[in-house]
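Trainee: Please take a close look at one part of this model, the aromatic cluster, and go through what surrounds it.

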Amino acid sequence: QVQLVESGGGLVQAGGSLRLACATSAQPFSAYTMGWFRQAPGKEREFVASIRRDGGTTYNPDSVKGRFTISRDNGKNTVYLLMDSLKSEDTAVYYCASAIGSVYSMAVDLWDYWGQGTQVTVSS
């Protein structure tokens, strides 16, 4: 089974920054589109960002608004999410996901593998 393990979550003050990482056992890593989603209590899981095999990226303008940056390191089988200018509204469990091939979709149902999530809490 393909495994994805998130790390880097924690407590940060509003306006601060946090960097999440997701390591995966999927091989070859370069064959997958990688993405980040988040889910706050009582709300649906929401697409945040994704990065394709060629490095192309997609962001959710409503949730990110130019503050987050996704990147990948194929040598480490790891995808990152750099979150800047954090707001209280960013508080959620952040999930790493992967999809086989070059995927542009923001739909939760179309992704193949998921991590267990890491908690991000932003204090005001």
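Mentor: Phe37 is buried, and so is Trp111, where buried means under 20% relative accessible area, exposed over 50% and partly exposed in between, with a 1.4 Å probe and protein chains only. This is a predicted model, in which local features need pLDDT of at least 70 and side-chain atom pairs count only at pLDDT 80 or more, while totals for chains, interfaces and linings use all residues. Residues are numbered from 1 along each chain as its sequence is written, and side-chain values use heavy atoms, with hydrogens and water left out.

The structure holds three aromatic pairs. Rings of Phe, Tyr and Trp (its six-membered ring) pair if their centres lie within 6.5 Å; planes under 30 degrees apart count as stacked, over 60 as edge-to-face and the rest as tilted. The ring centres of Phe37 and Phe47 are 5.4 Å apart with planes at 75°, so this pair is edge-to-face. Phe37 lies in strand β4 and Phe47 in strand β5, so the pair ties together parts ten residues apart in sequence; strands (E, at least two residues) are DSSP runs, numbered from the N terminus. Both Phe37 and Phe47 are buried.

For Phe37 and Trp111, the ring centres are 5.5 Å apart and the planes at 80°, so that pair is edge-to-face. Trp111 sits in the loop between β9 and β10 (113–114) and Phe37 in strand β4, so the pair ties together parts 74 residues apart in sequence. Ring pairs link Phe37, Phe47, Trp111 and Trp114 into a cluster.

Next, the cores. A nonpolar core is a set of buried Ala, Val, Leu, Ile, Met, Phe, Trp, Tyr and Cys residues joined through side-chain atoms within 4.5 Å. Of the 25 residues in the largest one, Met34, Trp36, Leu81, Met83 and Tyr94 touch the most other members. Apart from it lies another core, of six residues, among them Phe37, Phe47, Val103 and Trp111.

Val48 is found in strand β5. At 0% relative accessibility, Val48 counts as buried. Leaving aside neighbours within four places in sequence, Val48 is in contact (heavy atoms within 4.5 Å) with residues including Trp36, Phe37, Arg38, Thr58, Phe68, Leu81 and Tyr94. From Val48 to Thr58 is 8.5 Å, C-alpha to C-alpha, and the two are ten residues apart in sequence.

Note on methods: Helices (H or I, at least four residues) and strands (E, at least two) are DSSP runs, numbered from the N terminus.
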